[in-house]
Amino acid sequence: MQVYNTLSKKIEKFTPVNEDEVKLYCCGPTVYDFVHIGNIRTFIFYDIIRRTLLGSGFKVKQVINLTDVDDKTIKNSKIRGMGLKEFTDKYTEYFFEDIDKVNIKRAEVYPRATENIEEMKAIILGLLEKGYAYTADDGIYYSVSKFKDYGKLSGAKADGGLSRIKNDEYDKENATDFALWKNWTENDGDVYWDKELPKGRPGWHIECSAMSLRYLGETLDIHSGAVDLIFPHHENEIAQSEAYNGKKFVKYWVHPEHLLVNGKKMSKSLYNFFTLRDIEKQEFDPMSFRLMIIDTHYRSKLDFSFESLRKYEKTLEDIDIALKLLEKLEKIGPADTETMDIIKNESNDFEDAIGKDFDTHSALLHFFKIIDLINAKAQKGKISLMEYDNLIETIDTMNGFIGVIKDYVVPKNLFKIAEERKSLRQSGDWKEADKKRNVIKDAGFKIIDLANSDYLIIKDRKYGR
Ligand SMILES: [Zn+2]
């Protein structure tokens, strides 16, 4: 495996610190609202990292944190008149619903910031003791000029302690001292901790240093997050963790690019801000969004549009039909060596592609070669059992890496209705036959008619009508 490392700005060979288990930390959602599709792009990429490692034979421990206490969660829970826990629990639940819809496999641990306050306090106390942090009237701050490697990831320069900032997020080129701990103010209401440190709450950056240390240890193999987290968030994580542990924090930093909408950055004021739920409201299958995401290299910007999504939804249906046709083929005759060679070569090329810095776009081209092969066999109406077994195994393996095929069940009663439709068509009662077709459609499925009165029943993706 090879990985582009933001730290070295080079593609490097991937070798984990400990061969037994890859330690993968991914910055998770702030659970203050529905996540937008740009966030989902990032989460799908985390899933690709995980699947690629597993598919390449590594054992993986993946941690994705849930930020349930920061400036935004406190502000929004107050606006909604809800307690912080009740509020963030709700959005955590929505987050899991969303990632399930795009076939993201669960990580080993989803730690919540509020359940790791003791770990954060320990690091802050340690940083105070080592002289990397200082107490101000409104909180405890990290002194960026004390950490000699500050800026090694992002290129940001420490301003020599000229200013400090309490906000969790701040501008680029503004490497100020940042808050590790924020003293309580009225805005925080009942959100505070008051033992060992002044009554208050943690800053955002310390959360990830604490949770990665607790669940994965001092040195992580891969740390990922969207490009906008490189500075200040990841730069600050390095400063905190390396100063506290005295060890290298992360071996490979991996950052997926932004998702644009119609060429522009997503923003609520431009009315181009979408969640997965908005996509579903327009009757798109969320899986078409997954296919769209992985068809672009993660380090390239990706321009989202509903027109483009429609194209992927059609592709998803083509895959579905090809696999259903494969099931129907008569399994007979000897295996064809040319076919067997194509299967073998395409599988190897697929794994090579995805192993080279998670190049899902190139990998997909090989996946589609296999789909083309299935369609060619379907034209002939038969396949050898050996070819069939190999194709099924290959599709399964490839799907293990990319997860574009999500199984679904066609309700049994729909097959009965389809059979009734078939008889009606055979007796020329087209009107009643169409009624049966509509019953199936209303259930969210559709019939694809084949030769000799045969048919398939597939999920009706509607192409986003
Ligand atoms: Zn983080």
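The entries below take ground rules, pockets, cavities and then the alanine.

**Ground rules**

I worked with a predicted model, where local features need pLDDT of at least 70 and side-chain atom pairs count only at pLDDT 80 or more, while totals for chains, interfaces and linings use all residues. Residues are numbered from 1 along each chain as its sequence is written, and side-chain values use heavy atoms, with hydrogens and water left out.

I searched a 1 Å grid over the protein atoms alone: a cavity is a set of points where a 1.4 Å probe fits but cannot get out, a pocket is an open set with protein on both sides within 12 Å along at least five of seven lines, and lining residues have an atom within 4 Å of a point. Grid points are joined across faces, edges and corners, and a volume is the space filled by probe spheres set on the points. Helices (H or I, at least four residues) and strands (E, at least two) are DSSP runs, numbered from the N terminus.

I started with the largest pocket, which has a volume of about 950 Å³. It is lined by 34 residues, and His36, Asn39, Lys72, Glu169 and Asp228 are the closest to its centre. H1 and helix H6 (230-245) are the elements that give two or more residues to this lining, and H1 has the largest share with 5 residues. I sorted the lining into 16 nonpolar, 11 polar and 7 charged residues (Ala, Val, Leu, Ile, Met, Phe, Trp, Tyr, Cys and Pro count as nonpolar, Asp, Glu, Lys and Arg as charged, and the others, Gly among them, as polar). Domain 1 (2-256) and domain 2 (261-402) each supply at least three residues of the lining of the largest pocket; the domain bounds come from an automatic or database domain assignment.

Next I opened the second largest pocket, with about 450 Å³ of space. Of its 19 lining residues, Asp320, Leu323, Ile405, Lys406 and Asp407 lie nearest the centre. Helix H9 (306-328) and helix H12 (385-402) are the elements giving two or more residues here, with H9 giving the most, 6 residues. By class I noted 9 nonpolar, 1 polar and 9 charged residues.

**Cavities**

How many cavities of 30 Å³ or more are there? I counted 3.

The largest cavity holds about 80 Å³. Its lining includes Arg41, Ile44, Phe45 and Ile48, along with Pro256, His297 and Phe358. H1 (37-55) and helix H8 (286-294) are the elements that give two or more residues to this lining, and H1 gives the most, with 4.

Why does the largest cavity lie between domain 1 (2-256) and domain 2 (261-402)? I put it there because both domains give residues to its lining.

The second largest cavity comes to about 50 Å³. Among its lining residues I listed Phe43, Tyr46, Asp47, Gln62, Phe95 and Tyr110. H1, strand E4 (60-64) and helix H3 (84-101) each supply at least two lining residues, and H1 again gives the most, 3 residues.

**The alanine**

I finished at Ala418, in helix H13 (residues 412-426). Is Ala418 buried or exposed? Ala418 is buried, because its relative accessibility is 0% (buried means under 20% relative accessible area, exposed over 50%, partly exposed in between, with a 1.4 Å probe and protein chains only). Leaving out residues up to four places away in sequence, Ala418 touches Ile440, Ile447, Tyr455 and Ile457 (contact means heavy atoms within 4.5 Å).
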